[in-house]
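Here is a short report for a reader new to this structure. Keep the sequence and the model in view while reading.

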Amino acid sequence: MVNYLYQTDQLIAAMNAWLHQHIGNIWVVEAIKIAAATATLAGLVSVMAMVLVWVERKVAAHFQQRLGPMRVGPHGIFQTVADSLKLMAKESITPRDADELIYTLAPLICFASAFVSVGFLPFAPGLQAVNVNVGLLFILGVSSMGVLGILAAGWSSNNKWSLLGAMRAGAQIISYELSAGLALLSVVVFMGTIDFQEIVKSQQAGWWIWRAHGVGVLAFVIYTIASTAECNRTPFDIVEAESELTAGFHTEYSSMKFAMFFLAEFLNVFIVCAISATVFFGGWMPFHIGGFEPLNRLFDLIPPWLWFFGKVTALIYLVMWFRWTFPRLRVDQLIRFEWKYLMPLSLLNLAAGAVVVTTGWYFFR
Amino acid sequence: MPFKFFFYLIALFVLYSAYFVVTARNLFRSAMGLLAVLIGIAGMYLLLNAQFLSAVQVVVYIGGIVVLMVFAILLIADVTQKVFEQSPRWRQGLIGAASLLWFSLLAGSMLSYRFGAAAAAVDKSGSIREIGRALLSPAAGGYALPFEVISLLLIAALVGAVTVARADADNGEGKEGKA
């Protein structure tokens, strides 16, 4: 049984066999599998968002030498539970002149695009809701759909601040998507695949961030900057710059509709960090050093999904750290930074990556 | 059986969304309808096991084209909250006739064509390696020439767009004030 903790693909296979044995109809089995995967992901997503909100508040507080939430539960760990209950109990308001259909649909688009993206992530061997051979491309496309939800929210609220916030979000996300995509592409050149399980397996000999030496490190830096911008997080949070736009595109939203935007925002942080962990840091692959057998054995004792979540947690902490380190950029600075510096740099990096791959000048060929 | 069920489900969704796109009296709503149509078509590709095509559909059409369209709609101030009037009767009649003509042409050509099973049907989606080789190989079976021709066409369109935009900015110096 303990074996299943490590070989999660065997666990999935065993569950699959059990289902096929006890239920004859293959379509019923498929339906049960889909329902189980969706329920698991929904549970994971909602718990994770709650934990992330609490962690964000705690990290922020400690960076400012405060304690943060302390009242509800030990060290305030039930604070977000209380907050969610409060959010659910609030009145859901729709402005009189809002376009009601689009106004209701907008948070759904945001949340759905984030939720579907989680389905492509490889949590452990075999532990992946949807296994397509173009997972990375799919996740980039699906998560870019979220910007439509933001634009729709800004437009349908019939509020100038909302519209301005949405326009800023659109300009920012469309611009930074290019750099994020190019940074990932320069590592895809090394991997030769965009299937998530294959991506992880290609890092058996070493993580791409240092196997691809300079190109890998530069790609990681570019991807981290661009993905922070895509998540609308500080220093790129001009989308909801409170001093200028009240709350940006979700000014008019309240209750569960607001909660969905909030959930999608934290989910996006998780998704970009998970992509980064998978592409640059070996995903669920344990950390190994060639020749240090005892250390490698010790690290093998940690199950792969713990490795995955550990790496993602470290990256999320990094992103939260940014928030209290860098001041907010102005709109023109933000756009100039992307188009004049980041994008040319990532194009150069891609070219350098192609040269390194064709000359075979990287570690552990 | 479930294949057929999902096919008709998605087809119904796509048709209804397409109907919404043409009948919505507001450009933004039309754009949202278009988003639904394109998602449905991506789902159809996935149902046919064309995973790469489906992913590209999502990236290019939803992440690129619909976002650009919505952006353009938001930038044109008069359109955002405007509800279009119904067009006059004679125009409705003409549009109806034109649509009917187009539909009968399509239906006629589809019904007269004898569809057969493809000679080399593959039930597995092509990997990006195969697709990349096929796109860039100059040998027989490769599509290097069409690929390059399309690239050239796109670059021409890009340069054209930039030229048009620049000429506009040069003519009127105080353009920003007017808009």
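C110(A) is buried, because its relative accessible area is 7%. The model described here is a predicted one. C110(A) takes part in no disulfide. For C110(A), the nearest cysteine sulfur belongs to C231(A), and that sulfur is 12 Å away.

C273(A) is another cysteine to look at. C273(A) is buried too, with 3% relative accessible area. Its closest cysteine sulfur is also in C231(A). A disulfide needs the two sulfur atoms within 2.5 Å.

## Salt bridges

Side chains of opposite charge can pair when their charged atoms come close. How many salt bridges does a search of the whole structure find? Over all chains, the search finds 5.

One of them joins K33(A) and E30(A). The closest N and O atoms of this pair are 3.4 Å apart. Both residues sit in helix α3 of chain A, which covers residues 26-63. K33(A) and E30(A) are 3 residues apart, so about one helical turn separates them. K33(A) counts as partly exposed, because its relative accessibility is 28%. E30(A) is partly exposed as well, with a relative accessible area of 29%.

D332(A) has a salt bridge with R330(A), where the closest N and O atoms are 3.0 Å apart. D332(A) also has a salt bridge with R336(A), and here the closest N and O atoms are 3.8 Å apart. Helix α16 of chain A, residues 331-359, holds both R336(A) and D332(A). These two are 4 residues apart, about one turn of the helix. Through shared partners, the salt bridges join R330(A), D332(A) and R336(A) into one network.

D332(A) is partly exposed, at 34%. R336(A) is partly exposed, at 40%.

## Aromatic residues

One is the pair of F120(A) and F138(A), which is stacked. Planes under 30 degrees apart count as stacked. The pair links distant parts of the chain, with its residues 18 apart. F120(A) lies in the loop between α5 (100-118) and α6 (135-144) of chain A, while F138(A) lies in helix α6. F120(A) is buried, with a relative accessible area of 6%. F138(A) is buried, at 5% relative accessibility.

Chain B has a pair as well: Y16(B) and Y19(B). This pair is tilted, with 6.5 Å centre to centre and 40° between the planes. Y16(B) and Y19(B) are 3 residues apart in helix α1 of chain B, residues 2-23, so they are separated by about one helical turn. Y16(B) is exposed, with a relative accessible area of 54%. Y19(B) is exposed, with 52%. The cut-off for exposed is over 50%.

## A cluster and a charge over a ring

Which residues form one aromatic cluster? They are W207(A), F220(A), Y223(A), F280(A), F281(A), F287(A), F299(A) and W307(A).

W208(A) has an arginine over its face. That residue is R211(A), at 4.2 Å from the ring centre.

## A serine in helix α8

S162(A) lies in helix α8 of chain A, which spans residues 160-191. Is S162(A) buried or exposed? S162(A) counts as buried, because its relative accessibility is 0%.

Leaving aside residues up to four places away in sequence, S162(A) touches G154(A), S157(A), G248(A), F249(A), T251(A) and E252(A).

Notes
Residues are numbered from 1 along each chain as its sequence is written. Chains are lettered from A and ligands numbered from 1 in the order in which they are written. This is a predicted model: local features need pLDDT of at least 70, side-chain atom pairs count only at pLDDT 80 or more; totals for chains, interfaces and linings use all residues. Side-chain values use heavy atoms; hydrogens and water are left out. Buried means under 20% relative accessible area, exposed over 50%, partly exposed in between (1.4 Å probe, protein chains only). Contact means heavy atoms within 4.5 Å. A salt bridge is a side-chain nitrogen of Lys or Arg within 4 Å of a carboxyl oxygen of Asp or Glu. Rings of Phe, Tyr and Trp (its six-membered ring) pair if their centres lie within 6.5 Å; planes under 30 degrees apart count as stacked, over 60 as edge-to-face and the rest as tilted. A charge sits over a ring if NZ of Lys or CZ of Arg is within 6 Å of the ring centre and within 35 degrees of the ring normal.
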